[in-house]
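Me: Please take a close look at the packing in this structure. Start with the contact between the chains, then go to the elements inside them.

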Amino acid sequence: MRYVDEFRDPVTGQQLLQQITHQVRVLGRDAQHPLKIMEVCGGHTHTLFKFGIESMLPEGIEMVHGPGCPVCVLPVGCVDDAIAIATQPNVIFTTYGDTLRVPGSQKSLLQCKAEGADIRTVYSPSDALALARQSPDRDVVFFGIGFETTAPSAALTLLQAHEEGLSNFFLFSTHITIIPTLQALLDDPLLQIDGFIGPGHVTMVIGLEPYLALCETHHKPIVISGFEPLDLLQSLVMLLEQFQTGRCTVENQYKRVVQNSGNRIAQQALEKVFLPRECFEWRGLGSIPNSGLQIRPEYAHLDAEKRFLLPSRSVPDPKACQCGEVLKGAIKPWQCKVFGTACTPETPIGACMVSSEGACAAYYNYGRLATTRTLPQER
Amino acid sequence: MTDTKPTRQPVPDSTEARYPSPQLWDRIEGARRRAGRVRDTVITQAHGGGGKAMRDLIDDVIRSAFDNPNLQIQEDQARFSLAEMALHGDRLAFTTDGYVVSPLFFPGGDIGKLAVNGTINDLAVSGARPLYLSCSLILEEGLPMDTLREILASMGQAARQAGVQIVTGDTKVVPRGAADKIFISTAGIGVIPASQQIAAHQLQPNDAILINGYLGDHGAAILIARGELQLETTIESDCAPLHGLIAALLDAKITPRAMRDLTRGGLAATLNEIAQASNLHIAIDATKIPIRPEVQGFCEILGFDPIHLANEGKLALAVPAEQAQTALAVMRAHPLGQHAAIIGSCRPEPKGIVTLQNGFGGERILAMLVGEQLPRIC
């Protein structure tokens, strides 16, 4: 397929892999002392597993799968709130498809739908807005979830509803932002990461500038990467070059999509509609200051949090769950006490097992081969 | 006014006037017996009431669409000659399936065609020759009569094309909202030749794995036909009966060890079932799997994988390695196997799993999905 196959070319892939292997050797890294590289974004994790890239990398590189899958990190309390809204009379609750399966404290939205709530899958917030126009006697709520990738379209939809004077469209924002999250990760003494593969589509919106301070204070190089196999391999080459030359900067591999300054229109929409929350509770990572986005008071009439009475309870992660350690790279998914036993894709306990992009779900589905072959004694 | 004489009523003076003529009785009897014409434009609860309206529906709308000698018997059951069936083989194959697809009509087919071909395929992958089908209809009150006629005509046509007969059935009408327009359940009977012992656990190491063409057409066509994605494509469902293709393979002395049609859950689900039943390793080369560029593009947009998408005219089979090239040639010579491919092989270890070698050189486990594929957020 054009514009995709070019970025999956095995010959170029092999060349890049040879280069990576050479670089790792020059850096003197091996299985005992691997370079730990975190790919922040769930989309990257997905590509790594789908194409079996981890099994092709030299032993001196260890990929750590970060917290960048918004579905995975959606906290239990937010799911409970979403269910509280969806079960109100006269509500049509609209959501992206993969959010349906995320477990709340009692049930998921999928179970809630089966019990009779009017929950509909949409492909963009504008679908929800169209539904609100068509059903003036119903309250249509859009479940806003995701980083700066999805937040601008939610913001623009809210502005559109505001302009049209719609009184039956509401946004339930659980949107999150990447920089405070990376900040919190980097501040954590548990974190054992040498460098980052940065999220391409988030950066398409926010640009490179917000990463600079982080990179400087924590001395961790960051390469913003695309999502095809060759993108990831090239990003690794770029990251390794930084280690080799002793540089530590933010670089952009995904130039065909990401402009250094980001997308101004999207940034303005975010600025206009949202304010940072003092704190946002993450599944697996706990509470992170300034990492959530709430709707500004000017748009309170379109804010589902204001329109509906919500439990807004903070529900702690189950004790046995070690998602936090997995997300910080302190342990591998299969080293978690409940991986594959109590916690499976059918009955996920923690963030990392919830979505297929979660590190644990990805290992469970795709990675068993690698773990059974390389680590027979551990599992 | 006073002198008005009471007028005398004409007194019937013949039997003809007091009793209707025998001709009239004949006329009435003829009308009662004659198959009624259904003039209603929608299904009402009367059509499921067991009375004249239901009989008319069965005669005028259903029986006429499936027209075959077995249906003319008009008993509560279809009857077959055992001796005649025994000519085809030594075992019966019997299967049932329900069809609830939405929308009812989609590019490449409709619920009726699906209900016939789906059950034919479930029979055929045992090596059986499909012979007879049943058709049970659950109709929602308010279903347009023309929609029903169109679906039944499609079933009749699919059955005639496949050389099977729909020989018995049932019709129920449920109140509005208790079903989604129409649900169809078909059961089927076929006869398995004595020479065929096709089963998933028969798989042997080194067997070749083949499929008969492009994956995911049906799943993609249905999702697009629902209209929620606002995508325009030329993708059509692959809905087709596979017994002709299978007969061609068996005629060429191919002895499939395992054979399954690829429906919900796609190739991934079927291969996992076979790997688990045989406790062997199925290794697939992803670059050999035929996928239409349109379907691949559709999947890229939504974050789907065509390997998990539903098919309605595709099968996977395992044959001894030495038969692989012949089987491939036979399939490619058949209209339903033009894009057939050998996609992998069977190995002893690691037991019970399916792996996928991708074009990029990496290998991963191909797992079954937990539920259905959900579009990914980013």
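Reply: In this predicted model, 24 residues of chain B are in contact with 35 residues of chain A. Contact means that the C-beta atoms of two residues, placed from the backbone, lie within 7 Å. On chain B, helix H11 (293-302) and strand E13 (363-365) are the elements that give two or more residues to the side touching chain A. H11(B) gives the most, with 4 residues. By class, that side of chain B has 11 nonpolar, 8 polar and 5 charged residues. Nonpolar covers Ala, Val, Leu, Ile, Met, Phe, Trp, Tyr, Cys and Pro; charged covers Asp, Glu, Lys and Arg; the others, Gly among them, are polar.

A word on the ground rules. Residues are numbered from 1 along each chain as its sequence is written, and chains are lettered from A and ligands numbered from 1 in the order in which they are written. Local features need pLDDT of at least 70, side-chain atom pairs count only at pLDDT 80 or more, and totals for chains, interfaces and linings use all residues.

Now the sheet in chain A. Its 4 strands form an open sheet in the order E4-E3-E5-E6, and the pairing is parallel. Strands pair if DSSP finds at least two bridges between them. Strands (E, at least two residues) and helices (H or I, at least four) are DSSP runs, numbered from the N terminus. E4 (119-121) and E6 (169-175) of chain A are at the edges with a single partner strand each, so one side of each has no neighbour in the sheet. On average, neighbouring strands are turned by 25° against each other, direction ignored. E3 (residues 91-95) and E5 (residues 139-146) of chain A pair in the parallel sense over 4 bridges. Here A:Thr94 stands opposite A:Phe142 in E5(A).

Two helices pack on this sheet. H6(A) lies across E3, E5 and E6 of chain A, at about 175° to E5(A). H7(A) touches E5 and E6 of chain A, and its direction makes about 155° with that of E6(A). Angles run from 0 to 180 degrees between N-to-C directions, with axes as lines fitted to C-alpha atoms, for helices over the stretch in contact.

The two helices also meet each other. The axes of H6 (residues 125-134) and H7 (residues 151-164) of chain A come within 9 Å and cross at roughly 20°. H6(A) and H7(A) are therefore roughly parallel; angles under 35 degrees count as such, over 145 as roughly antiparallel, 65 to 115 as roughly perpendicular and the rest as oblique. From H6(A), A:Pro125, A:Ser126, A:Leu129 and A:Ala132 meet A:Ser153, A:Ala154, A:Thr157, A:Gln160 and A:Ala161 in H7(A). This contact has 5 nonpolar, 4 polar and no charged residues.

Chain B has a helix crossing to set beside it. The axes of H6 (residues 111-124) and H7 (residues 145-162) of chain B come within 7 Å and cross at roughly 35°. The crossing of H6(B) and H7(B) is right-handed. The contact of H6(B) with H7(B) divides into 10 nonpolar, 3 polar and 1 charged.

Last, the whole chains. Chain A comes to 16 helices and 13 strands; chain B has 12 helices and 13 strands. Chain A has a radius of gyration of 21 Å, which agrees with the value near 21 Å for a compact globule of 379 residues. For 378 residues such a globule would be near 21 Å, but chain B has 27 Å. The radius is taken over C-alpha atoms, and the globule rule is 2.2 Å times the number of residues to the power 0.38.

Methods. Left-handed = near helix turned anticlockwise from the far one by under 90°.
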